Every structure is written in C-alpha cells, then in structure tokens.
Amino acid sequence: GLDQCEINLSVQPSPSKPEFLTALKPTKVITGYPCRFEVQCGGHPTPKVAWLKNGKPIEIDSKHIKEILTDDGRCILQIDNATDADQGEYSVVASNDHGDNKSSAQLDVLGHERTDGQPDGPASFTDGLKDGCF
C-alpha cells in the first residue's frame with residue numbers, strides 16, 4: 001500500500017532585540033532644501049520606531065516632516081524646506097518586546113552665501129532686453 005502525509009512547516013526567526021543594520025549619519029543641508037535621515041532596522045518581532053530631536057519626540061506632520069517606512073526595514077525621516085529651527089541632534093529609537101536600541105546624528109542647517117562675488121537671489125538684467133536682428 002501507499003500512504004501519503006502532508007505537513008505545513010512555518011519557520012519563525014528567533015526573538016531578538018532591535019539592531020541597526022545602518023545607523024544615522026551626520027547631515028548638512030542648505031536652508032530651504034530638503035534632507036533625510038535613514039536607518040535600516042532588524043529585530044523580531046519587527047521593531048516600532050520613534051524619532052526624537054534634541055531628546056524630544058518629533059511631530060510628524062506629513063508636510064514639513066515626513067516618515068517613510070519600507071518593507072525591507074528602512075525607516076526614513078524626511079524634512080522638506082529645512083530651516084534654522086530644524087538644526088539639532090536627531091535620534092531614532094527602535095523597540096520591541098525584547099529591548100530597544102538608539103542611533104543619533106547631528107543636522108546642521110547652513111545659510112546660503114555666495115562666495116563668487118555675485119548677489120544672492122535670482123538673476124536680473126542691468127539693461128532691458130531689446131528686439132534686434134543680428
């Protein structure tokens with residue numbers, strides 16, 4: 001005779017505290033430009049992340065500050081139109097039932113000053129444009 005048996009096997013990763021596969025890096029941005037902080041996080045169960053600026057929770061408003069989470073564990077904090085008020089130490093804390101981990105980096109917001117002797121701002125003409133044939 002012939003017997004048949006079917007087994008479903010599910011393999012779960014062993015529980016582990018969060019770890020950063022890539023950590024935050026210090027960043028510089030010019031006033032008015034966007035910037036982002038990015039980490040890649042591992043751990044099981046999947047860690048939850050919280051962002052801090054100078055030790056205080058950041059308000060993610062989805063306009064000026066956005067949070068992007070990807071399926072491969074990347075966590076991105078994007079700041080649109082950076083201002084002096086955005087400068088400071090940024091941290092991300094990843095936590096699950098087995099512990100937590102933290103990564104931090106500095107954001108410096110730089111003013112824009114031209115060093116080529118030209119004025120800041122859009123180009124302007126000293127003489128009006130003239131119609132002419134060449």
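I take two strands as paired if DSSP finds at least two bridges between them. Strands are DSSP runs of E, at least two residues long, and helices are runs of H or I, at least four residues long, both numbered from the N terminus.

**Entry: the model.** I note that this is a predicted model, in which local features need pLDDT of at least 70 and side-chain atom pairs count only at pLDDT 80 or more, while totals for chains, interfaces and linings use all residues. Residues are numbered from 1 along each chain as its sequence is written, and side-chain values use heavy atoms, with hydrogens and water left out.

**Entry: the chain.** I looked up the secondary structure and found nine strands and zero helices in the protein chain. For burial I used relative accessible area: buried is under 20%, exposed is over 50%, and partly exposed lies in between (1.4 Å probe, protein chains only). Of the 134 residues in the protein chain, 25% are buried. I then looked up contacts (heavy atoms within 4.5 Å). Among contacts between residues at least 6 apart in sequence, 61% join residues at least 24 apart.

**Entry: the open sheet.** I traced an open sheet of four strands with antiparallel pairing, in the order β1-β3-β7-β6. Its edge strands, β1 (16-22) and β6 (65-69), each pair on one side only. From one strand to the next the twist averages 25°; the axes are lines fitted to C-alpha atoms, and angles run from 0 to 180 degrees between N-to-C directions. I checked β1 against β3 (residues 35-44): the two run antiparallel and are joined by four bridges. In this pairing, E19 stands opposite G42 of β3.

Entry: Which strand pairs with β4 (residues 48-53)? I found β8 (residues 88-96), in the antiparallel sense, over six bridges. L52 stands opposite S91 in β8. Strand β8 is also joined to β9 (residues 99-110) by nine bridges, again antiparallel. A94 has N101 in β9 as its bridge partner. I recorded β8 and β9 as a hairpin with two residues between them.

**Entry: salt bridges.** I counted a salt bridge when a side-chain nitrogen of Lys or Arg is within 4 Å of a carboxyl oxygen of Asp or Glu. The whole structure has four of them. Which residues are linked in a network of salt bridges? They are R36, E38, D72 and R74. I listed the pairs in turn. E38 meets R36 at 4.0 Å, N to O. E38 also meets R74, at 3.2 Å, N to O. This second pair links distant parts of the chain, with E38 in strand β3 and R74 in strand β7 (residues 74-79), 36 residues apart. R74 forms a salt bridge with D72 too, the closest N and O atoms being 3.3 Å apart.

I looked up accessibility for the network. R74 is partly exposed at 29%, and E38 is partly exposed at 30%. R36 has 40% relative accessibility and counts as partly exposed, as does D72 at 44%.

**Entry: the surface.** I noted a nonpolar surface patch of I7, L9 and V11, with about 410 Å² of accessible area together. Patch residues have over 30% relative accessible area and no salt bridge; nonpolar side chains (Val, Leu, Ile, Met, Phe, Trp, Tyr) are joined within 5 Å, like charges within 9 Å. Is I7 buried or exposed? I7 is exposed, because its relative accessible area is 69%. I7 lies in the segment before β1.

How values were computed:
Accessible areas come from the Shrake-Rupley method with a 1.4 Å probe; for residues, only the protein chains shown count as cover.
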